[in-house]
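Open the model in your viewer and keep the selection tool at hand.

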Amino acid sequence: MADQTIIVTGGSQGLGLELAKYHHNNDENAVIIILSRSEAKLINACKKICNNTEFSKLEEFDTNKTRLYYHPIDLSNAGKVENLLPLLAKLPTIQKTYLTAGGASVKLFRDYSISELQQGINMNYSSSLFLSHVLLKNELCKHLIYFSSEVSFFPFIGYSSYTPSKTSLKSLVNILRQEFPDCRLTNVFPGNFASEGYAEENLTKPKITKDIEGSSKPISVEACREIIINDINKGYDDITTDFIGWVLMACDMGLNKNWNYSKFWFLQLILGVFANLIIIPIYMVILKYDINKYLRKAQVSDKTKKQ
Ligand SMILES: NC(=O)C1=CN([C@@H]2O[C@H](COP(=O)(O)OP(=O)(O)OC[C@H]3O[C@@H](n4cnc5c(N)ncnc54)[C@H](OP(=O)(O)O)[C@@H]3O)[C@@H](O)[C@H]2O)C=CC1
Ligand SMILES: CCCCCCCCCCCCCCCC(=O)[C@@H](N)CO
């Protein structure tokens with residue numbers, strides 16, 4: 001019978017669904033719980049995870065019946081997340097919680113509505129913040145896995161509603177590592193991978209953003225999951241999923257960095273010093289030139305549209 005629990009937020013699609021599927025197939029003594037906002041999407045995801053066999057609502061928890069559960073919730077709603085406590089407290093030991101919920105809407109800052117900016121904070125920061133609080137405060141989970149992004153090492157044009165929240169997550173994890181030394185806290189910084197969310201963000205992504213992030217070619221969701229699980233199993237806690245992500249992490253020096261948490265960290269240290277001295281200053285000059293050229297062009301086409 002199942003004697004442990006694995007929770008996946010954002011488990012209704014993309015990487016979250018893939019992680020839930022992986023653990024459902026590979027950890028036979030684990031209860032899997034997926035959380036996200038849309039009940040219809042969650043039910044669909046459960047069908048994919050268990051090949052249309054048994055699954056149930058979290059309120060009807062009974063390990064004799066099934067080990068796959070779903071629970072629709074907006075994780076950016078602090079009150080609703082706090083009300084999860086009685087449901088979480090009666091589960092078998094929570095071994096892992098993947099805080100995968102999140103997503104990007106990618107545009108120029110001036111093109112967002114105020115509510116889109118609010119959504120960016122809700123989806124990418126609050127949705128992980130509040131659940132972390134409930135789990136850590138009540139000592140309910142042994143290992144939390146956060147999903148930031150490579151962009152948290154390098155903020156650039158197009159991601160203004162997203163990057164600041166992902167950088168906040170990175171900062172939060174560094175603080176929590178100090179306060180909760182007995183709980184394992186992993187921070188994943190993925191590069192592009194081909195999820196449903198990625199396909200959608202590409203519909204509005206400005207050309208300049210596509211050009212800058214070109215070196216992070218999208219990998220498949222399965223490949224991304226494999227890298228993350230392998231690295232977690234090897235004991236790494238700051239994880240990137242492609243080469244450029246590893247380089248950007250190396251460039252992101254400072255008091256926050258837990259150097260020995262990442263792969264080939266000593267090489268990162270040397271590269272970081274060298275890049276901060278020479279490569280980055282040159283790259284920033286070129287980047288500024290490219291962005292200004294793009295903005296001038298965008299302005300010209302705006303004006304012609306208005307005429
Ligand atoms: N794809 C990529 O290239 C990259 C992705 N990432 C990050 O990795 C994570 C997974 O990405 P990906 O698989 O692309 O994501 P998707 O956009 O494909 O899926 C996002 C998931 O999060 C859920 N979700 C969103 N907001 C909330 C909320 N407020 N409460 C509860 N659930 C919510 C969605 O379900 P519902 O709509 O039903 O709520 C959905 O299940 C995200 O955090 C993303 O920012 C990082 C770097 C690159
Ligand atoms: C030494 C200096 C070199 C600088 C090179 C700069 C390359 C930048 C690559 C950034 C890739 C970002 C991928 C993650 C995007 C993401 O999180 C979204 N797709 C979310 O869905």
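Select Glu-139. In this predicted model, Glu-139 has 11 C-beta neighbours inside 10 Å, so it counts as exposed; the cut-off for that class is 12 or fewer. Glu-139 sits in the loop between H5 and E6. Check its backbone: phi is positive, about 50°, although Glu-139 is not a glycine. Most residues other than glycine have a negative phi.

Phe-264 is a residue other than glycine with phi near 50°. Find Phe-264 in the loop between H10 and H11. With 10 other C-beta atoms within 10 Å, Phe-264 is exposed. Then go to Asn-51, which follows H2 and has a positive phi near 50°.

Select E6, residues 143–147. Of its 5 residues, 4 are buried, so E6 is largely enclosed by the rest of the structure. E6 pairs in parallel with E5 (residues 94–99) over 3 bridges. Pick Tyr-98 to see one link: its bridge partner in E6 is Ile-145.

Go across to E7. E6 and E7 are joined in the parallel sense by 5 bridges. Phe-147 has Val-188 of E7 as its bridge partner. E7 is mostly covered, with 5 of its 6 residues buried.

From E7 (residues 184–189), step on to E8: the two run parallel, joined by 3 bridges. Val-188 turns up again here, with Ile-239 of E8 as its bridge partner.

**Helix H2**

Select residues 39–49, which are helix H2. Which of its residues are buried? Leu-42, Ala-45, Cys-46 and Ile-49 are. Turn the view to look down the axis of H2: these buried residues fall within an arc of 105°, so they line one face of the helix.

**Ser-165**

Move to helix H6, residues 163–179, and pick Ser-165 in it. Ser-165 has 24 other C-beta atoms within 10 Å and is buried; 20 or more is the threshold. Leave aside the neighbours within four places in sequence. Ser-165 is then in contact with Gly-120, Ile-121, Asn-124 and Tyr-125. For a distance check, draw a line from Ser-165 to Ile-145. The two are 20 residues apart in sequence, and their C-alpha atoms are 16 Å apart.

**Ligand 1**

Select ligand 1 and its surroundings. The shell has 32 residues, and the closest are Gly-10, Gly-14, Arg-37, Gly-102 and Gly-197. Colour the shell by class: 19 residues are polar, 9 nonpolar and 4 charged. Which helix gives the largest share? H5 does, with 4 residues. H1, H5 (114–137) and H7 each supply at least two residues of this shell.

**Ligand 2**

Switch to ligand 2. Here 20 residues make up the surroundings, with Ala-104, Ser-149, Glu-150, Glu-213 and Ser-216 the closest. By class, the shell holds 11 nonpolar, 6 polar and 3 charged residues. Three helices each give at least two residues to the shell: H7 (196–201), H10 (243–251) and H11 (265–306). H11 gives the most, with 4 residues.

Notes:
Residues numbered from 1 in each chain as written. Chains lettered and ligands numbered in written order. Predicted model: local features only at pLDDT ≥ 70, side-chain atom pairs only at ≥ 80, totals over all residues. Near = placed C-beta within 6 Å. Nonpolar A, V, L, I, M, F, W, Y, C, P; charged D, E, K, R; others polar. Arc of directions from axis to C-beta. Pairing = 2+ DSSP bridges. Contact = placed C-beta atoms within 7 Å.
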